[in-house]
Structure formats: C-alpha cells, structure tokens
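The following note is intended for a student who is reading an interface between two chains for the first time. Please keep the structure in view while working through the points.

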Amino acid sequence: MASIWQYANPRKFMETTDKVLPALTVLAAAVVVVGLVWGFFFTPDDYKQGSTVKIIFIHVPAAIMATGAWFMMLAASLIWLIRRHHVSALAARAAAPVGMTFTLIGLFTGAIWGQPMWGTWWEWDPRLTSFLVLFLFYIGYIALWEAIENPDAAADLTSVLCLVGSVFAFLSRYAVYFWNQGLHQGSSISMDKEEHLADAYSNPLWVCLIGFGLLFVVLVLGRTRTEIRARRIKALEARERMA
Amino acid sequence: MVLRVSDLACARGGVPVLEGVSFELTPGQALFLRGPNGIGKTTLLRTVAGLQPALAGQVEAAPDAIAYAAHADGLKATLSVCENLTFWSQIFGGPGIEGALDAFNLRDLADRQAQNLSAGQKRRLGLARLLVTGRPVWMLDEPTVSLDRASVTLFAEAVQAHLANGGAALIATHIDLGFDAAVLDLSPFKARPETAVDHFDEAFL
Amino acid sequence: MIALLKRDLALAVRAGGGFGLGLAFFLIVTILVPFGVGPDSGVLEIIAPGILWVGALLACLLSLDRIFALDFEDGSLDLLATAPIPLEGVVAMKAVAHWLTTGLPLVLAAPVLGTLLHLPLPAYVWLMASLAIGTPALSMIGAFGAALTVGLKRGGLLLSLLVLPLYVPTLIFGAETVKRGAEGLATGTPALMLAGITLASCALLPFAAAGALRVNLR
C-alpha cells in the first residue's frame, strides 16, 4: 500500500528523487533569487541601520536552517535506530555538512552585520555562543561518520551521538543564556527584531525562508543520492574482492 | 541439545561470508570447525556467541550457556595468574580457581604476573579461564596457538573432562587434538555473491 | 561488578596504569597559566575559577581513551560482553573507576592549586564542592565518548572532538558556581544544575554507552 515508508527503500527513493529533483532545484533557485532580489533592491533602508539591515535576508534563513538541519538529523537518526531504513541514516549523514555550512554562513553574516552595528566582529552573546557550540557538534558528528569504516556501525554510532548530542546541545543553550546574564547583564544586543519588523522587510524575508528551506531539501536529497551511490560502489568493490 | 544453529548466515565488515550453516551440539559432544583462512571461522564463532547479529538463521542456546575464548586471552599484564583467574571467576560467578590451576598446570605460576609468562603459559591461563566460567558450551578460536606438545595434551584432557561432565565444545582448529569428535568443514557454506538478494539492495543488507 | 571495579583500580595504581598522570597534568596546566597571563594577582584572582575548571576538564580528558581501549585490545571487552553482568553495569563501573582515579584526586588537589592562583577565600569550599559534584559527569560523558570511539585506530583525537562539546554545560555551571562563590553571591542555581547534569548523565548515559559498545564489538 502507499505508505510514506516505501520511499525508505533505496531504489524507490532513487527513482522518485530522479524525477522530482530537477524541478525542485529550479523552484528552489527561483524562490531564493526572487527573495534575495526583492530583499536587497526593493526594500527601503532602515532609518537606523541603513542598508546593512538587508543582510537579514541571508542571515536569518541560514540560522533557522542551521538548527532545522540538526532537528532533521535527529529525526532521521531516530528513524534509523527504530526502523533501520538505510536511506534515513544516509539522509542524516547528507544533511550534516549542509547544516554545518548554514551554521557557518549564519556566523559569518552575523559578524559582518555586527561589525558596523555593534562595533565588534564577535560578542559572547548567548545566541552567538550557542551557534558556535552547534558548529562544534556538527564537526564532531561529521568526524565520527568519516572515521568509521563499516557503514552500518557508523550509522548506529552517529545516531547515538546525535541523540545524546541533541540533549547536550539543548543544555548548552540553556547554560549559555545563564552564563552570560550572570556575567554582564544588560548586554545591549538584542536580536528579537522579527517582532519589530515592518511588513516591507517581513514579506521578502518569508520568501527567503521558503527559498532556503527548499534549497536545504534539494541539497540534502542530492547528497543523499550521492551517499546511496557511494554505498553501492563500496558493495560492488567488496564483491569484486570476494570473487 | 545445548546448542542448535540452523541455516545461519553471517557477515564480516558488512560482507556476507557464510550462509546456510547448520549444526547441533549435545552434551558431551565436541565439534571441530575446519576451513581455509578467511572462510569465516572467527565470524561464525562471534555470531554464535552473540557478539554480532546474524544475517539470517537462528542460534538456539540456553541463556548464559556459552563461554567464548578468542585469539586474545583477555589477560591483564600487571595482574598475577591468580588475580586474573579470580577476576573472571567473580565476573561469571563460576566455581573457584583451584580446579583451573590444576587442570592447566599453573599452580607453580600462580603468583607470577601475566606479563612475565611465556606465550604458551599465557595461552594456558587464557584457556584456564574457561573452567572458572562454569559454563557448559566452550567456544574456542584456535586454542592451541603457541602451545607446546605437552600443553596441547593438557588442553585436550581438559576438554575431554569437560565433555565427560556433560559439557560441549565448538573448536576452530587446524591441528589434531588427539581425540575423536565430529568435524564440520565450512568450505561448502561460503556465501556466494550471486545469491545475495538483488544487485541494488546488496549494499543495504 | 564490584570485582570489575576492584580490578580496574588495581590496574590503575600498578606500574603503567597511568594513575597520577591526570593530576600531574592538572598541576602543570595551572602553573603554565600565570606564565602566559602574567603574575598580577588581580588578574589571576578573576580567572582562577575558569582556569581550575578548564584544567580539571582537560586532565579528565587525558585518560579517557584508556577506559575501554585496553580492554578492547586484549579481548577482555568481548569476554565482559558475554559475561552475566549487563554491559550497562560494566560501563558504569568503568566510569566510577575513572572518577576514583582521576576526578577524585583533582577534587582533593584543587585547593592547593587555587592558592597558586590567588583564589579568593570564600571560593575554596565551592571549588571543591563543584568539582566533587561535576567531575563524575565528566567521567560518565567521557566513558560514553570512549565507547563511541573504542574500535577506531586514531580514536584519541576524535574522542576529544566528540567529548569537548558535550562538556560545555558542565564547564559553564561548574565554573559559574566557583565564580559566584568567589564573589559571595548565591551559588544554589548553578550548583543544582551541575548536580542535575551529573545525575542525569549517570542515569542515562550508561545505556547509550553500552549500545555503542555493542555496535563496536560486532
């Protein structure tokens, strides 16, 4: 019967994504371009921040995708541990570098924005710090995948790491908020601008968010296809050695 | 029947090596596993011991029935012979170490640290560990490596005494231990790549 | 399981067991810091809680890869996995042994090193208390990391990479406890959070670590 789990079959996954991916890629590119062009060229300058404010059209979607990617990896890891669908494990593996790159983009655009606004490239603000910690978790996760040769063992161990890491990442986030307020309270940096965001900014921002979301899906699907192929090559090589 | 293996398939490093292996062990019975290097004797033993999952088939044994002895002896260099044996006896809740010391002629070495034993003496200590587990099914992976002729005889006697007490043994070995037992040649059970399900799904067993 | 604990302690204190290495490392790190930042007691006083906690954390990290690697190499881990005691219990006992040989000496040595760094007087009791509460979590988290990397060839470096991010909350709450103690502020919240992390780690991580060990043994 038609069930979402049928797409967990590698062959079915390959067939489906083969058809869907090109269209999805075009759509993602179109939405991102529309969102960014709208955001960069057809919005007014902020009366206080000038044109620097426009970096939110990259910064905010990238930051949201960075955490979203980790949640997706968590879900995929759970699916692998419980139902043992290989596509799920490989999708988690595929999402990690994408998530890490979004984290880096978030950190860099934040620094570029922070320099003119706050007069500093880096501030140990809780939100910035928890992103840095998230980046460390991505590095560890990817390094563990790379280090283990047996693919199933690698999938198991990285899934366990992802579960435990999620708990500790959440704890770190809480700890970091506690830590900075404890140190120098009254930090002038507050980033809850979404709440004060005028419609002129929020509409293109939503388009950018959808575009980055699609971009993430496209990248993860494409990379999962690569991982599946790499896995097949490994199996074929192993068979060559056996014969 | 203390151990029944039916239609077992096992993999090493994700690659199937053996398939369709079936055998039974009854109390008092020993079985020798034979086959060329790389056929998967160690993999089979580890699968039967429950250290790795089987690809297919079943292993039926009473819980806590199997004592496994690998290539590595699990000895600590800075502990004495006595301490090493006592530790494993406590962990497995088995009988005292006196019988094991006598059976493998280790009494004179009892207080010597494992790092000061010769390779053969270490091996004897590793095998003596089986006696202190108090478990009925022994699974041995090349147990006679680095043993001299006298020690091999000692080992063969220990196995026979174990069998006489209603135990069983599964032994992967190339040499003749000097007592009769059934032999299972693993060569015919080599996994054939063609039978591996389907060309695409092969990577995702 | 007590037999396992006794054996691990015996192995640690005998020749080549590495007992005391972590402590010596802690000492050296703490002594090196003033060379780096200068002898100004005003500066040292401020950074002392952080330095002592980071030093303790690194000293803990140093001996983590021995928790399972030696038993893996000599085959003991295979035998323990087929033994009647649960693998979760093995993990817990190993972590306890690691704490007794690494964490506990750090707790006892910390006041001496605090003196070297001009730690303010009211902070001493919180330094020892926070290390006593927090280092068990370091050992337990470390045992989990060691279980993940036990079969790997260059597992040591990877182990640090995996474990250090997991240490972040423990470090923050631990150092914060001492810092607040030094300033005479209320230390209840960070100390309780620290205790919470330790208790939760000890309750849950043995299962995750045992799962990882089973994967690495097959």
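1. Buried area is the accessible area (1.4 Å probe) that two parts lose on being put together, summed over both. Between chain A and chain C this area is about 2,300 Å², and carbon and sulfur atoms give 84% of it. Leu157(A), Phe168(A) and Phe178(A) supply 27% of the area that chain A buries against chain C, more than any other three residues.

2. The model is predicted: local features need pLDDT of at least 70, and side-chain atom pairs count only at pLDDT 80 or more, whereas totals for chains, interfaces and linings use all residues. Residues are numbered from 1 along each chain as its sequence is written, chains are lettered from A in the order in which they are written, and side-chain values use heavy atoms, with hydrogens and water left out.

3. In terms of contact (heavy atoms within 4.5 Å), 29 residues of chain A meet 28 residues of chain C. Arg218(C) and Asp156(A) form it, with their closest N and O atoms 2.7 Å apart.

4. Helices here are DSSP runs (H or I, at least four residues), numbered from the N terminus. On the side of chain A that touches chain C, the elements giving two or more residues are helix 4 (126–147) and helix 5 (151–183) of chain A. Helix 5 of chain A provides the largest share, 18 residues.

5. A cavity is a set of points, on a 1 Å grid over the protein atoms alone, where a 1.4 Å probe fits but cannot get out; lining residues have an atom within 4 Å of a point. A volume is the space filled by probe spheres set on the points, which are joined across faces, edges and corners. Two cavities of 30 Å³ or more are counted.

6. The largest cavity holds about 40 Å³ of space. Its lining consists of Leu136(A), Phe137(A), Gly140(A), Leu161(A), Leu161(C), Leu162(C) and Pro165(C). Helix 4 of chain A and helix 8 (155–183) of chain C are the elements that give two or more residues to this lining.

7. The second largest cavity has a volume of about 30 Å³. Among its lining residues are Trp80(A), Tyr141(A) and Trp145(A). Helix 2 (56–83), helix 3 (86–118), helix 4 and helix 5 of chain A each give two or more residues to the lining.

Terms used
Salt bridge = Lys/Arg side-chain N within 4 Å of Asp/Glu carboxyl O. 1 Å grid on protein atoms, 1.4 Å probe; cavity = no way out; pocket = protein on both sides within 12 Å on 5 of 7 lines; lining within 4 Å.
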